[in-house]
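Q: I have a new model open and want to learn how to read it. Where do we start?

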There are 2 protein chains.
Amino acid sequence: MTTPSPVPDAASMPGKIMLVGIGPGSEAHMTARARQAIEEADTVIGYVTYIKLVADLLEGKEIIRKSMTEELDRAVSALDAARQGRKVALISSGDAGVYGMAGPTYEVLFQAGWTPDDPVQVEIIPGASALNSCAALVGAPLTHDFCAISLSDLLTPWPTIARRLDAVAMADFVVALYNPKSGRRTRQIVEAQRLFLRHRRPDTPVAIVKSAYRRREQILFTTLDQMAEAEIGMLSTVLIGNSNTFVRHGLMVTPRGYANKYDLEQGGNTRDGERRGRSLSTGLLGWLDTLQAEHAAGLDIDTLAARHRLPVDYIRSTLLDAVTETAAQAEASA
Amino acid sequence: MTTPSPVPDAASMPGKIMLVGIGPGSEAHMTARARQAIEEADTVIGYVTYIKLVADLLEGKEIIRKSMTEELDRAVSALDAARQGRKVALISSGDAGVYGMAGPTYEVLFQAGWTPDDPVQVEIIPGASALNSCAALVGAPLTHDFCAISLSDLLTPWPTIARRLDAVAMADFVVALYNPKSGRRTRQIVEAQRLFLRHRRPDTPVAIVKSAYRRREQILFTTLDQMAEAEIGMLSTVLIGNSNTFVRHGLMVTPRGYANKYDLEQGGNTRDGERRGRSLSTGLLGWLDTLQAEHAAGLDIDTLAARHRLPVDYIRSTLLDAVTETAAQAEASA
């Protein structure tokens, strides 16, 4: 026979904050842990639109709806509720860590003197971010290096955003623009286009995805030079391809680079000088050999930097290292 | 009374290819749709390591295990099986679109003459990518603009990778390095460090996450100047912070920028000149005003470009547009 343990009073019950990334918004694309976290929560806090997306899971729970700009208030409310012993689900659409509530919450927690030893525990539950969901709907645009940039200047100075747009346009990334446009912020997308057109072809493929996997989902393909005129809103994500991205049969695809190594037309044999499972002949070691050979043939460092479009001092230090290594090898084998 | 419809022969049954992102590898972090897709598949194709991660779901299914470098073979096998009327789940860890099977599969399908009107249907099922999962485990490092770069030079020439590293180090992105190191590829991470140290402080926080949410999970915090000496392998993702990222109490956090607008020490009041829910005073429109005022005060375009660290011709065209707009407004109000 067991004696039932006494019910602990609220103050002694440890609370918990769960930062839940719910994915694009359809239940099918939510993780098992995200769903379970909402189910086990006493209190659910989130932006009104996200609360609606998980309405089916909320019966009997305390719901705290906040407006778009009240991120810090949401985190403060979560900490208050957790301090009272409640299990709190703070929900973000997409991933809780990508422009979501994970950052603001830790900022508020640290400000309040919280540490990981606190009775209030914190769990972050990852999910598919907008860039993953939107990419899945348009084809395979992210198959190569990509980045995410928010065009919102509510918390970030414009020169910071502009420098990032310029850098990644130049370095040929696939780019996902978050918060591209709102009722008040209409010119940011025009400036983004202007910065991209300095480096990229006007016909670079662009996909604009609105409300991915939700009821009013809308997918639009356009090109960089037409992008700013397209219908873009608060619920849109803009995907800009790299110089190899193409649209075929209504699918946007960025090749991974197999054509650099394999002859796809000829049954997939490796090209001359390339080996399956090994670095390209233009990979790091092959490139270093080329660089040394070019330097030995009399090309100076400025010329090499211009030819390879890399910084002069990077070329210099890389060459210096190679010389040092060769000397060390010579000494070792002597 | 209804007559049972005849059982269709295999050749006339439409097959399907489902590109499944299984998330980090634990079932808790798989989406409902990803799980369902594997359950409804007749054939499951994937890299041996990923097949093991979903072993519980595979009973009674045909399993095709492929090695790491056989991405194109996996896609060819998927198309072959789907053409025979089979439902095929082609699994990727993380997100199927991020360095996953979505790209190679479309490349193979297009090469084989497939179009979206083909009886073989294709579905891409998004999931949390390694950067989302790793970020959730270390704190909130991705809260601001970020990018993903693969250090693998098996399909990408090194100068392309190096230019991207240089650009995003300069523009102060949070960066996730995929495929940072392998038995054969050991120097790429050293070169990445070299490129980053040209722009970033040596004590920039770095997190190295191995096997996120799997049995042998391992999290290591280090700094940019120590990064190349850390234990990094095939299953590691390297997260490099931006200039504001900090590590406190074992958590890596990138502030979203609330401190630009709110005085967090003083109860969260907005700073002088800033308004809740509106762009910063240094946001696009405020910055354009500043730029025009500086130009009117006699600063030339080269000086302005240097001061704001933006390209000369971007400053020029932006100023020109502002002048044109002012003139148009003056005309309209005349």
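Q: Is B:R164 buried or exposed?
A: First, a caution: this is a predicted model. Buried means under 20% relative accessible area. B:R164 has 3% relative accessibility, so the residue counts as buried.

Q: Which residue forms a salt bridge with B:R164?
A: Side chains of opposite charge can pair when their charged atoms come close. Here the partner is A:D145, with the closest N and O atoms 2.9 Å apart. B:R164 sits in helix α6 of chain B, and A:D145 in the loop between β6 and β7 of chain A, so the pair joins two chains. A:D145 is buried too, with a relative accessible area of 0%.

Q: How many salt bridges does a search of the whole structure find?
A: Over all chains, 35. One of them pairs A:E294 with A:R307, at 2.8 Å between the closest N and O atoms. This pair links distant parts of the chain: A:E294 belongs to helix α9 and A:R307 to helix α10, 13 residues apart. A:E294 has 15% relative accessibility and counts as buried.

Q: Which residues are linked with A:R33 in a network of salt bridges?
A: The network takes in A:K16, A:E40 and A:E123 along with A:R33. Take the pair A:E40 and A:R33: their closest N and O atoms are 3.5 Å apart. A:R33 is buried at 9% relative accessible area. A:E40 is partly exposed at 30%.

Q: Which residues of helix α1 of chain A are buried?
A: List them, then check where they point. They are A:R33, A:A34, A:A37 and A:I38. They span an arc of only 135° around the axis, which puts them on the same side of α1(A). Their packing partners in chain A are β1, β2, β4 and β5.

Q: What is the strand order in the open sheet of 10 strands?
A: The order is β10(A)-β9(A)-β11(A)-β8(A)-β7(A)-β7(B)-β8(B)-β11(B)-β9(B)-β10(B), and the pairing is mixed. The edge strands are β10 of chain A and β10 of chain B, each pairing on one side only. From one strand to the next, the twist averages 20°.

Q: In what sense do β9 and β11 of chain A pair?
A: Antiparallel, over 5 bridges. For one position, A:V206 has A:I240 in β11(A) as its bridge partner. Helix α5 of chain B packs on the sheet and touches strands including β7 of chain A and β7 of chain B. The helix direction makes about 70° with that of β11(B).

Q: What does UniProt list for residues 16–227 of chain A?
A: The unreviewed entry gives "domain: Tetrapyrrole methylase". In the model, that span is 33% helix and 24% strand, with its end C-alpha atoms 44 Å apart.

Notes: Residues are numbered from 1 along each chain as its sequence is written. Chains are lettered from A and ligands numbered from 1 in the order in which they are written. This is a predicted model: local features need pLDDT of at least 70, side-chain atom pairs count only at pLDDT 80 or more; totals for chains, interfaces and linings use all residues. Side-chain values use heavy atoms; hydrogens and water are left out. UniProt positions are given in the numbering used here, feature names are shortened, and annotations may be inferred rather than shown by experiment. Helices (H or I, at least four residues) and strands (E, at least two) are DSSP runs, numbered from the N terminus. Buried means under 20% relative accessible area, exposed over 50%, partly exposed in between (1.4 Å probe, protein chains only). The arc is that of the directions from the helix axis to the C-beta atoms. Contact means heavy atoms within 4.5 Å. Two strands pair if DSSP finds at least two bridges between them. Axes are lines fitted to C-alpha atoms, for helices over the stretch in contact, and angles run from 0 to 180 degrees between N-to-C directions. A salt bridge is a side-chain nitrogen of Lys or Arg within 4 Å of a carboxyl oxygen of Asp or Glu.
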